[in-house]
Amino acid sequence: PYIEGLQTDNLSTGVACMTKHFPGGGPQKNGLDPHFSFQEGQIYPGDNFDYHLIPFEAAFEANTSAIMPYYGVPTDQTDENVAMSYNKMIITTLLREKYNYDGIVCTDWGLITDRPIGPNVVWKARAWGVENLTALERAQKIIEAGCDQFGGENRPELVVQLVNEGKLSEERINQSITRLLRQKFQLGLFENPFVDESKVSEVLNKKSSRELGERTQKESMTLLKNKAEVLPLQKDKLNVYIENIDSMTVAKFAKVVSTPKEADYAIIRLNSPWYPAETKVPFAKSFHHGDLDFKGEEKDKILKLLKTIPTIVNLYLDRPAVIPEIAENAHALIADYGASDQSVCEVLFGNASPKGKLPFELPSSMEAVYNQKTDVPYDSENPLFKFGFGLSYK
């Protein structure tokens with residue numbers, strides 16, 4: 001539905017979708033993101049490679065306009081341990097031949113060229129497995145693998161040099177040119193190359209679209225614990241102490257007080273834990289790597305509040321979290337996947353009901369995380385909350 005909604009029945013009235021990241025980027029060794037050189041490849045200890053292809057098969061059925069391979073290395077799954085866009089068995093044998101995909105294949109960004117991003121800081125090209133190749137050799141290997149476009153790279157001189165040196169045939173160039181031009185014709189870019197910019201806000205900021213987004217925020221919230229059916233809270237009858245949530249918004253629903261002692265309940269919003277990588281690349285430090293549990297002073301502060309006053313904990317799950325002590329001590333625990341303070345309050349105070357189910361399990365410990373198989377879903381031992389769990393208001 002996502003792809004079909006964007007592309008519409010006629011691509012000239014829609015948006016060409018690029019589906020990524022083929023053939024799945026989940027099973028990263030030690031959870032390390034392959035944007036960066038400290039990555040350790042994708043591993044499949046559960047022999048579960050094909051499981052990760054399922055969403056792409058649906059995208060092919062929906063005629064997605066383009067595919068982007070991932071940065072990762074499918075370790076020991078093909079005849080060479082090189083990143084997906086360099087890997088002919090991934091792009092040609094699997095994608096082109098098995099799935100008969102003849103749309104555009106665009107690499108992820110920056111596979112060929114190192115980029116200076118600060119004083120004495122260089123972000124290495126994501127040329128995993130072919131680090132020793134020259135830029136020209138990398139470009140050739142990407143094209144020979146079956147890709148049509150260098151993502152985030154403007155290196156036409158490399159293609160020209162490959163042609164001039166007889167390393168790249170006109171027939172191969174024509175394959176990619178055909179795919180790229182076909183999409184431009186389908187989009188109507190030659191007949192109608194410009195858009196009316198004055199229409200952008202009208203198209204993208206429609207009231208119905210905003211209302212759908214707000215409703216989705218609220219209904220997707222997932223109720224994990226509701227001790228003594230504390231939720232929904234009574235509007236206009238409670239004193240609440242809050243953390244990490246806008247006081248003006250909460251004040252529409254209850255009286256906001258400055259200390260836990262004055263409050264009937266506390267309401268706190270938390271983000272799933274993550275820990276920045278040790279690297280000189282600033283961009284890498286913003287990626288959500290590392291353990292999934294709260295630690296040290298941050299954890300102690302949360303638990304102290306939970307043991308002082310009945311507390312409703314709202315947890316933003318952009319990744320799974322390990323929260324056994326928080327779940328045990330919270331009066332209510334409710335997760336969201338991206339929701340405004342207003343949407344959260346609408347649910348907590350009963351103007352809307354949570355209908356969401358967990359899209360992944362929440363493990364019971366980091367030990368369980370370490371012991372699970374990277375490529376197998378829902379296999380941590382004794383999860384705190386299982387995949388698909390979600391309560392509802394009575």
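This is a predicted model: local features need pLDDT of at least 70, side-chain atom pairs count only at pLDDT 80 or more; totals for chains, interfaces and linings use all residues.

What classes do the residues of the lining divide into? There are 18 nonpolar, 11 polar and 9 charged residues.

Now the chain as a whole. The protein chain has 394 residues, and 45% of them are buried. It contains 14 helices and 11 strands. Along the principal axes, the C-alpha trace spans about 80 × 50 × 45 Å. If we take the contacts between residues at least 6 apart in sequence, 69% of them join residues at least 24 apart.

Next, a pair of helices. In general, two packed helices are described by the angle between their axes and the distance between the axes. Helix α4 covers residues 135-145 and helix α5 covers residues 156-164; they pack at an angle of about 80 degrees, and their axes are 10 Å apart. Angles from 65 to 115 degrees count as roughly perpendicular, so α4 is roughly perpendicular to α5. Which residues make the contact? From α4 they are Ala-135, Leu-136, Ala-139, Gln-140 and Ile-143, and from α5 they are Leu-158, Val-159, Gln-161 and Leu-162. Sorted by class, this contact of α4 with α5 has 7 nonpolar residues, 2 polar ones and no charged ones.

Trp-123 sits in strand β5, residues 121-123. Is Trp-123 buried or exposed? The cut-off for buried is under 20% relative accessible area; Trp-123 has 15% relative accessibility, so it counts as buried. Setting aside neighbours within four places in sequence, Trp-123 is in contact with His-35, Phe-36, Asp-114, Arg-115, Ile-117, Val-281 and Phe-283. The C-alpha atoms of Trp-123 and Pro-282 are separated by 9.4 Å, and these two residues are 159 apart along the chain.

Pro-27 is another buried residue, with a relative accessible area of 0%. Pro-27 is in the loop between β1 and α2, where α2 is residues 54-61. Not counting residues up to four places away in sequence, Pro-27 touches Gly-41, Gln-42, Ile-43, Tyr-44, His-52, Thr-374 and Asp-375. For Pro-27 and Arg-269, which are 242 residues apart along the chain, the C-alpha separation is 29 Å.

Ala-263 is in the loop between β8 (255-257) and β9 (265-271). Ala-263 has a relative accessible area of 14%, so it is buried. With residues up to four places away in sequence not counted, Ala-263 touches Asn-239, Val-240, Tyr-241, Val-257 and Ile-309. Ala-263 and Leu-238 are 25 residues apart along the chain, and their C-alpha atoms are separated by 7.7 Å.

Last, the backbone. Most residues other than glycine have a negative phi, and most peptide bonds are trans. Here are some exceptions.

The peptide bond from Lys-20 to His-21 is cis, with omega near 0 degrees. His-21 belongs to strand β1, residues 18-22. The bond from Leu-231 to Pro-232 is also cis, again with omega near 0 degrees. Pro-232 is in the loop between β6 (222-226) and β7 (239-243).

Ala-228 is also placed in the loop between β6 and β7. Ala-228 is not a glycine, yet its phi is positive, near 55 degrees. Is Ala-228 buried or exposed? At 75% relative accessibility, Ala-228 counts as exposed.

Tyr-378, not a glycine either, has a positive phi of about 55 degrees. Tyr-378 is in the segment after α14, which is residues 366-371. With 40% relative accessibility, Tyr-378 counts as partly exposed.

That is the end of my list. Thank you.

Notes:
Residues are numbered from 1 along each chain as its sequence is written. Side-chain values use heavy atoms; hydrogens and water are left out. Ala, Val, Leu, Ile, Met, Phe, Trp, Tyr, Cys and Pro count as nonpolar, Asp, Glu, Lys and Arg as charged, and the others, Gly among them, as polar. Axes are lines fitted to C-alpha atoms, for helices over the stretch in contact, and angles run from 0 to 180 degrees between N-to-C directions. Helices (H or I, at least four residues) and strands (E, at least two) are DSSP runs, numbered from the N terminus. Angles under 35 degrees count as roughly parallel, over 145 as roughly antiparallel, 65 to 115 as roughly perpendicular and the rest as oblique. Contact means heavy atoms within 4.5 Å. Buried means under 20% relative accessible area, exposed over 50%, partly exposed in between (1.4 Å probe, protein chains only).
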